[in-house]
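Here is a short report on one protein chain. Please keep the sequence and the 3D view open as you read.

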Amino acid sequence: MHLVAQRVINKCGGIRNTAYIIGISVQSVYKWTIPRSKGGTNGLVPQKRQIELMVAAKNHGIQLTHEDFFPKLD
């Protein structure tokens, strides 16, 4: 499972704050952190949420870049 969603959520101040700044439910954000087999997104932020999250984060003084939404390659 990827850790992208957790990294983005942490930068945004947690699941509740992430949900608040983009106007979605806490449960929706939580699904980003669970495996696909359990109804989640396997640790990835859904594409439809990425741009709105970047805009909302900027409006709230949170620094997110497009690189935050991709798995780190080692």
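## Ground rules

Helices here are DSSP runs of H or I with at least four residues, strands are runs of E with at least two, and both are numbered from the N terminus. By that naming, leucine 44 sits in the loop between helix 3 and helix 4.

This is a predicted model, where local features need pLDDT of at least 70 and side-chain atom pairs count only at pLDDT 80 or more, while totals for chains, interfaces and linings use all residues. Residues are numbered from 1 along each chain as its sequence is written, and side-chain values use heavy atoms, leaving out hydrogens and water.

Start with leucine 44. It is partly exposed, with a relative accessible area of 24%. On this scale, buried means under 20% relative accessible area, exposed means over 50%, and partly exposed lies in between (1.4 Å probe, protein chains only). Leucine 44 and alanine 5 are 39 residues apart along the chain, yet their C-alpha atoms are separated by 4.9 Å. Beyond its neighbours within four places in sequence, leucine 44 is in contact (heavy atoms within 4.5 Å) with His2, Val4, Ala5, Trp32 and Pro71.

Asparagine 42 lies in the loop between helix 3 and helix 4 too. This residue has a positive phi of about 65°, although it is not a glycine.

## Helix 2 against helix 4

Two packed helices are described by the angle between their axes and the distance between the axes. Helix 2 (residues 15-22) and helix 4 (residues 47-59) pack at about 95°, with axes 9 Å apart. Helix 2 is therefore roughly perpendicular to helix 4. The axes are lines fitted to C-alpha atoms, for helices over the stretch in contact, and angles run from 0 to 180 degrees between N-to-C directions. Under 35 degrees counts as roughly parallel, over 145 as roughly antiparallel, 65 to 115 as roughly perpendicular, and the rest as oblique.

Which residues of helix 2 and helix 4 make the contact? Helix 2 gives Thr18, Ile21 and Ile22, and helix 4 gives Arg49, Glu52, Leu53, Ala56 and Ala57.

## Buried faces

In helix 2, the buried residues are Thr18, Ala19, Ile21 and Ile22. They pack against helix 1, helix 3 (26-31) and helix 4. Just after helix 2 comes glycine 23, with a positive phi of about 70°.

In helix 4, Arg49, Gln50, Leu53, Ala56 and Ala57 are buried. Their cover includes helix 1 (4-11) and helix 2. Arginine 49 touches Ile22, Ile24 and Trp32, not counting residues up to four places away in sequence. Glutamine 50 has a relative accessible area of 19%.

## After helix 4

Aspartate 68 lies in the segment after helix 4. Is aspartate 68 buried or exposed? Aspartate 68 is buried, with a relative accessible area of 5%.

A polar atom of the aspartate 68 side chain lies 2.8 Å from the backbone nitrogen of threonine 65. Aspartate 68 also touches Val4, Arg7, Val8, Lys11 and Gln63, not counting residues up to four places away in sequence.

Key
Polar contact = N/O pair within 3.5 Å; in protein donor to acceptor, adjacent residues only side chain to side chain.
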